[in-house]
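Please keep the sequence and the structure in view while reading.

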Amino acid sequence: MDGRGRVATSSSGPDDLQQIHRRPLVAVDNTFLGPVFQRPLEHGSDLVMYSLTKYVGGHSDLVAGGVIGFREAMKPVRQLRSAIGTQLDPNTAWMIMRSMETMALRMRAAAANAAIVAKFLAAHPKIASVNYLGLLADDDPRRAVFRQQCGSAGSTFSFCVKGGQAEAFRLLNALQVMKLAVSLGGTETLISHPASTTHSGVPAATRARLGVTEAMIRLSVGIENADDLVADLEQALAAV
Ligand SMILES: Cc1ncc(COP(=O)(O)O)c(C=O)c1O
């Protein structure tokens, strides 16, 4: 995507080759907020990476990745792709093109649901904290960055239950609408326990430093009826 928001695999930008070589390349994984809610090229990054498996594909039925960026920064990416042959197969490419027609609609609907779910969780007595960009305190320094760079808080965030792994597992096991799975960005709400799944390979001390505790649960809110999602969490929290 270039500075005017056009989707492209490469474009000329303000950074020519000479400028790029005078400083380290800035590459951003923009999978979570996606091209709809955050455009890192407009904020000075040279390359933007996506797991297209997530919001861009959006239906949990394909695996793909993408990189966009200014022409010079893209050269080595293109060369490596040619060398190792990571071109996408035609059927997956077609599914992604079809998914992109509804990407903005899906992402906005999921983000609206996420705002409702996050507010519900933040007010619940059995919840210790909610790590949702839309709920950052006014004096939190991250809020200024969020307001400057992001068009929305998106729909993937984490929260911590009061207690530890036992309480988190009781909540997860009692859910009936939300599906227990580690992916994100699909139309259906997925929920997971990072410490025992996605982040189980990270040393415990590092997990603790990053705040990935046993009480943490990650939520990728989908486009279901928000009332159903809140009701599901409400009944599951009653079991905690
Ligand atoms: C932020 C982010 N980037 C990249 C990836 C890798 O994606 P893929 O599953 O398409 O290889 C993931 C997967 O969870 C992710 O969450």
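## The ligand and its shell

A residue is near a molecule if one of its heavy atoms lies within 4 Å of it. The model is predicted, so local features need pLDDT of at least 70 and side-chain atom pairs count only at pLDDT 80 or more, while totals for chains, interfaces and linings use all residues. Residues are numbered from 1 along each chain as its sequence is written, and side-chain values use heavy atoms, with hydrogens and water left out.

By that cut-off, the ligand is surrounded by Asp29, Thr31, Phe32, Ser51, Thr53, Lys54, Ala64 and Leu184. Sorted by class, this shell holds 3 nonpolar, 3 polar and 2 charged residues.

Polar contacts here are pairs of N or O atoms within 3.5 Å. An N or O atom in the side chain of Thr53 is 2.5 Å from an oxygen atom of the ligand, a polar side-chain atom of Ser51 lies 2.7 Å from a ligand oxygen, and for Lys54 the corresponding distance is 3.0 Å. Of the 390 Å² of accessible area (Shrake-Rupley method, 1.4 Å probe) that the ligand has on its own, the protein covers 54%.

## The nonpolar core

A nonpolar core is a set of buried (under 20% relative accessible area) Ala, Val, Leu, Ile, Met, Phe, Trp, Tyr and Cys residues joined through side-chain atoms within 4.5 Å. The largest one has 52 residues, of which Leu121, Phe157, Phe159 and Leu219 touch the most other members.

Leaving aside neighbours within four places in sequence, Leu121 is in contact (heavy atoms within 4.5 Å) with Ile127, Val130, Phe157, Phe159, Leu219, Leu233 and Leu237.

Definitions and conventions. Buried means under 20% relative accessible area, exposed over 50%, partly exposed in between (1.4 Å probe, protein chains only). A polar contact is a pair of N or O atoms within 3.5 Å; within protein, one must be able to donate a hydrogen and the other to accept it, and residues adjacent in sequence count only if both atoms are side-chain atoms. Ala, Val, Leu, Ile, Met, Phe, Trp, Tyr, Cys and Pro count as nonpolar, Asp, Glu, Lys and Arg as charged, and the others, Gly among them, as polar.
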